[in-house]
Amino acid sequence: MSGGTYLGMPAFPEAAARSTRNATLRGNLRHATHTIRDKRARAVAELDDWQRLRAAGAAIKTRTLRHLDHYLEQVEYAVTAAGGHVHWAADAAEANRIVTRLVRATGETEVVKVKSMATQEIGLNEALAEAGITACETDLAELIVQLGDDLPSHILVPAIHRNRSEIRDIFRARMADWGRPAPDGLTDRPADLAEAARVHLREKFLRARVAISGANFMVAETGTLVVVESEGNGRMCLTLPETLISVVGIEKVVPTWRDLEVFLQLLPRSSTAERMNPYTSMWTGTTDGDGPRAFHLVLLDNGRSDTLADTVGRQALRCIRCSACLNVCPVYERAGGHAYGSAYPGPIGAVLTPQLRGTDSELDASLPYASSLCGACYEVCPVAIDIPEVLVHLRERVAEGGPVTRDGRKVVIRPAKGHAAERAAMRAARWTFDHPGALRTVQRLAARTRRLRPEHLPGPGRAWTDTRAVPEVPAESFRDWWRRTRGEGTE
């Protein structure tokens, strides 16, 4: 992985074709996603005002994004006034340079990390490793991924593609390479695996002098950062080390504590199906004798300002990383997270990644098509992101090209390769629908030759009919039926 790009990853169709043949992976995903989404449905059903909360969350995020420059300056002022230091990073490379410089200034060569999507996005662990600094993941699922030389495949549960036996084998084989080894005779009982991780990590917490985190939210009015979690490992990272560095996307800001209250109800029920998170950690700058002595906030853009310039696509920035869309998506359930080639898998990744990274690569251009457009993701999104709308919008960009914002400048991109036949078909369809006489002729010709309907279409249509039946052609069009049954002058 480099700068958020999973090196060597093929386009989504090829990667998904490979992963869907893995029966173990599909079994793990099916069990986990069905369990999580069923629990979420029960948790959401407890609230009579869930839809009003959802609308409030969407409205708060939309208003905040509209005035994002104001709230970011408010965050900077409040954090600085509370004793923290604010750094601005335009892209992944700049963010990695800032964090590496800050860690080197402490003289440390090992850091502990809170689970963070932003640091995965920019490839921070790899950048630190190149500088001779070891980043130790402390979230249990992230630890499993790191020990297994693996990649995360889910926003909430990064090791969702692993079962208990696989995790036991990883702990036995790799824990000793990173610190305290797994205990002899380790079983695959969840309690035993959790205890092995707890003992392994406790040593790292007690000796760590530098920690790196992200944040779920930033409260602009006080400069307070918020991390929600279920294990408590994050709180150990946020309180014990002498230096804390937080890398946070600029879209994570909320204006006030009253706004935060809405999201602290939406997020736990949508993500872990809990009424509230077991651990909600908040900190404002530094405090003498309590917590880290130095706090650095790195505000990360990395394509977010460009996304904000897109009036349709910007709604993806409302995302609060709950992963509810992944758990209901039939495509994700079968293909898994690795097929998306990004830190952000699933439906939200299919709309967020092509906007943050662009659609220049074959992989990124394929992501808007990684969906059946069933709409289940929109129905469960706690901030009402209309993911199908954005997917169709991005498909148009891939197939047609056109004006976009890149690095703050308006540019015109060319259509992606491989869509010439699609563009030709759409143009032919548009011309036909614009000319009623031609449409009537095509319909009548199709009706007269309907017995010649092929089972499989040739050329680009072959892939479509490999898994679908060609629709039957009616004996006559609706217009002809209407004219025959109602008379010539009734149109």
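This is a predicted model: local features need pLDDT of at least 70, side-chain atom pairs count only at pLDDT 80 or more; totals for chains, interfaces and linings use all residues.

**Charges.** I started with the charged side chains: the protein has 64 positive and 60 negative ones. I also looked up where the two sets sit, and their centres lie 6 Å apart.

**Overall build.** I went through the secondary structure and got 23 helices and 12 strands. The radius of gyration is 25 Å, close to the 23 Å that the globule rule gives for 491 residues, so the protein is as compact as a globular protein of that length. I then boxed the C-alpha atoms along the principal axes, and they fill roughly 90 × 55 × 45 Å. For contacts between residues at least 6 apart in sequence, I noted that 72% join residues at least 24 apart.

**Cores.** Which residues have the most contacts inside the largest nonpolar core? They are Phe-12, Phe-171 and Leu-297, in a core of 102 residues. I picked Phe-12 to follow up. Setting aside neighbours within four places in sequence, I found Phe-12 in contact with Val-331, Ala-335, Ala-339, Tyr-340, Leu-363, Ser-366, Leu-367 and Ala-370.

**Positive phi.** I went looking at backbone angles and stopped at two residues. Ala-273 has a phi near 60°, a positive value in a residue other than glycine. I placed Ala-273 in the loop between α12 (257-271) and β9 (279-283). Is Ala-273 buried or exposed? Its relative accessible area is 17%, and the cut-off for buried is under 20%, so Ala-273 is buried.

My other stop was Ser-323, which is not a glycine either but has a positive phi of about 75°. Ser-323 lies in the loop between α13 (304-308) and α14 (324-328). At 3% relative accessibility, Ser-323 counts as buried.

**Gly-148.** Where is Gly-148 found? I located it in the loop between α8 (140-147) and α9 (164-178). Gly-148 counts as partly exposed, at 24% relative accessibility. Leaving out neighbours within four places in sequence, I found Gly-148 in contact with Arg-162 and Ile-170. I also took the C-alpha separation from Gly-148 to Ala-159, which is 11 residues along the chain, and got 9.9 Å.

**Asp-466.** Asp-466 is exposed, with a relative accessible area of 51%. Its C-alpha is separated by 9.4 Å from that of Glu-455, 11 residues apart along the chain.

Ala-59 is in helix α3 (residues 50-66) and counts as partly exposed at 44% relative accessibility. How many residues apart in sequence are Ala-59 and Asp-407? They are 348 apart in sequence, and I got 27 Å between their C-alpha atoms in space.

Ala-194 lies in helix α10 (residues 190-207). Ala-194 is partly exposed, with a relative accessible area of 26%. From Ala-194 to Thr-284 I counted 90 residues in sequence and 31 Å in space, C-alpha to C-alpha.

Key
Residues are numbered from 1 along each chain as its sequence is written. Side-chain values use heavy atoms; hydrogens and water are left out. Helices (H or I, at least four residues) and strands (E, at least two) are DSSP runs, numbered from the N terminus. The radius of gyration is taken over C-alpha atoms; the globule rule is 2.2 Å times the number of residues to the power 0.38. Contact means heavy atoms within 4.5 Å. Lys and Arg count as positive and Asp and Glu as negative; His and the chain ends are not counted. The place of a charge is taken as NZ of Lys, CZ of Arg, CG of Asp or CD of Glu. A nonpolar core is a set of buried Ala, Val, Leu, Ile, Met, Phe, Trp, Tyr and Cys residues joined through side-chain atoms within 4.5 Å. Buried means under 20% relative accessible area, exposed over 50%, partly exposed in between (1.4 Å probe, protein chains only).
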